[in-house]
Amino acid sequence: MKELNELILPTNVKYHADHEWVSAAAPFKLGISDYAQDALGALTYVELPEVGAKLTLGEEFGTLESTKSVSPLISPVNGTVKAINESLSDNPDLVNSDPYGEGWIIEIEMEASELAPLLDAAAYKALLENQA
Amino acid sequence: MSAEVKVPGQTGLILNEDLLWERGRQGRSAMSLPESGVPKASLPAEVAGDGPDWPDLSEQQVARHYTRLSTWNFGVDTGPYPLGSCTMKYNPKINDALADLPGFVGAHPLLPAEAVQGELSLIHDLEAYLAEIVGLKATTLQPGAGAHGELCGMLMIAAYHRHNKTRRTKVLVPETAHGTNPATASMCGFSEIQVPLGSKGYLEYATVEKLMTDEVAGLMVTNPNTLGLFETELHKINQMIHDRGGLVYGDGANLNAVMGWADLGRLGIDAVHINVHKTLSTPHGGGGPGAGPVAVSQALVPYLPGPRVVKEGDSYRWEVDLPLSIGRLHGFHGQFRTLVRAFAYILTMGADLKRASELAVLNANYVKEKLKDLYDLPFNQSCMHEFVFTNAKQEPHKVSTLDIAKRLIDLGFHPPTIYFPLVVHSAIMIEPTETESKEDLDAFIAAMRQVAEEAKNDPDILHRAPLNTFRQRLDDVAAARRPILTGDMG
């Protein structure tokens, strides 16, 4: 496991307490944080939603499978799935190697106001510190 | 202790072995049959042609093949197997001897009841014994495994609500549950409401009470739970669920902790499966098949799968007139010879079944107390038959739970369950079972202490372990991402 000060926490995304990020400005991509990919361990499978699927705040829209466990992907916003990262089906390890770049999971059609309740990098880091 | 306690792990000569396909040589055979007196006839054209490319092998090649493969393996006959949640107790050989009796081996499942009175009496008596052991009214032996037993129980609960014309679409499942619980609820058409744990690691009445609405069909609960803790508020919780029209499914995965001690009927359980491959010492995993009989309360008796064995006077017959039954769950009558083994275990143990649970709990507490100075114990209290450590004290040395587990292989032990239950970060779940002697428990404790020492002084050994096995650290990520599931038969 990485130490807190080893985690990469970019400031151009917003974070949810469930360890997902969403781009701070359109296009709105979604992925999991460096903390989440490190905690899950090497991913072996990503189950993605269909393009056009409705996303509801707090509801499951996919799953991440690692050698340790299967974890639900919980939507941090309301919106619609605009695109999915097709390359994850052959290369789920992109989520581990580049969680904020090539490892994005879906792109979302949504109102920018959906971002309001999400955390900035400093607040998310504080949350991780409190957990530790 | 430790200095004189020797861990069993050692190295030795390990023989390579090819796949059988690679060892075949044309014309080789395990037997020579006498010339057939029956004249040859040609096959119909649609099935004629080249057969599958089976390897031609001698008997000796096949015997050596499987013997060599078995030396790469680790089983309960090799050494201690403290795989939490799985109850890997020793499987007494008398179980096999009795299951191998020619009458049992030769009985065909389609024989008429008059020809298999012995088998039917065994089914009848085993159902009664299991109901007695858990304190419920009746049992079905049909389900072929624990998860199948869960399906059976939840189908009966769904049938009960349908029959009573109540529309209930949800099921409460604690967050420590085995993954099969929510999966079963979903298979039966229910959606899951996850119940969070209390701070002491078990369910709290107030939490469950808030979630129990008239849309909820019932609760699925494992007791003791997967943290190895007894659900102390369960009696009150179950009463409340019954008062509000729900039923309670008990996952019997951890029955080995309470066999003969907890009366599940009085606790308010309506259906429970019994993993005979755990609690009743029948083979487990690859040595199966398992079996998952389900015992039920009076409310669910009419819904039991059919047909059912009934006794009339001194004879037994199949009852098929069961109007509310959920129907058949298994071809024929369940895993019959596995059930014979369970029957043999119950008869050979007798009243000592209770003692088995007592010693399983004692052994778990002994190991926990001897190791809790070196390993983080998130719920520091008396445990039942198993307990959960984490790697929090090894984490600063960059030693993961996986590294600890892998190193135990080198020292001669099957690793405990790891990364489960999910509510505990990087869990190591240890269940020694009652069948390990004090010497073997001490050797396991010595091995765990050695690993904790190595984590501080030589963590690299742990990152590379196992080092003494036929294959060293496997790339389980590559195996999951790019599995090769076929052999080369060319």
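# Exercises on the sheet and helices of chain B

B:His273 stands opposite B:Val294 in β7(B). The model is predicted: local features need pLDDT of at least 70 and side-chain atom pairs count only at pLDDT 80 or more, while totals for chains, interfaces and linings use all residues. Residues are numbered from 1 along each chain as its sequence is written, and chains are lettered from A and ligands numbered from 1 in the order in which they are written.

**Exercise 1. In what sense do β6(B) and β7(B) pair, and in which strand order is the sheet built?**

Step 1. Helices (H or I, at least four residues) and strands (E, at least two) are DSSP runs, numbered from the N terminus. Strands β6 (residues 271-273) and β7 (residues 294-296) of chain B are antiparallel partners over three bridges; two strands pair if DSSP finds at least two bridges between them.

Step 2. The open sheet of chain B has seven strands, ordered β1-β7-β6-β5-β4-β2-β3, with mixed pairing. On average, neighbouring strands are turned by 25° against each other, direction ignored.

**Exercise 2. Which strands do α6(B) and α7(B) pack on or lie across, and at what angle do the two helices pack?**

Step 1. Helix α6 (residues 146-163) of chain B touches β1, β4 (216-222), β5 (247-251), β6 and β7 of chain B, and its direction makes about 165° with that of β6(B). Contact requires C-beta atoms, placed from the backbone, within 7 Å. Angles run from 0 to 180 degrees between N-to-C directions, and axes are lines fitted to C-alpha atoms, for helices over the stretch in contact.

Step 2. Helix α7 (residues 180-187) of chain B lies across β2 (170-174), β3, β4 and β5 of chain B, at about 175° to β2(B).

Step 3. The axes of α6(B) and α7(B) are 9 Å apart, and the packing angle is about 45°. The two helices are therefore oblique to each other (under 35 degrees is roughly parallel, over 145 roughly antiparallel, 65 to 115 roughly perpendicular, the rest oblique).

Step 4. The crossing of α6(B) and α7(B) is right-handed; a crossing is left-handed if the near helix is turned anticlockwise from the far one by less than a right angle, and right-handed if clockwise. Among the residues in contact are B:Leu151 and B:Met154 of α6(B) and B:Thr184 and B:Met187 of α7(B).

**Exercise 3. Which residues of α5(B) and α11(B) meet, and what is the handedness of the crossing?**

Step 1. The axes of α5 (residues 117-134) and α11 (residues 336-349) of chain B come within 10 Å and cross at roughly 55°, so α5(B) and α11(B) are oblique to each other.

Step 2. The crossing of α5(B) and α11(B) is left-handed.

Step 3. From α5(B), B:Leu122, B:Leu126 and B:Tyr129 meet B:Leu339, B:Val340, B:Ala342, B:Phe343 and B:Ile346 in α11(B). This contact has eight nonpolar, no polar and no charged residues; Ala, Val, Leu, Ile, Met, Phe, Trp, Tyr, Cys and Pro count as nonpolar, Asp, Glu, Lys and Arg as charged, and the others, Gly among them, as polar.

**Exercise 4. How many residues does each domain of chain B give to the contact?**

Step 1. Domain 1 of chain B is 95-349 and domain 2 is 352-481, with bounds from an automatic or database domain assignment.

Step 2. Their C-alpha centres lie 30 Å apart. Domain 1 of chain B gives 20 residues and domain 2 of chain B gives 17 residues.

Notes: Two residues are in contact if their C-beta atoms, placed from the backbone, lie within 7 Å.
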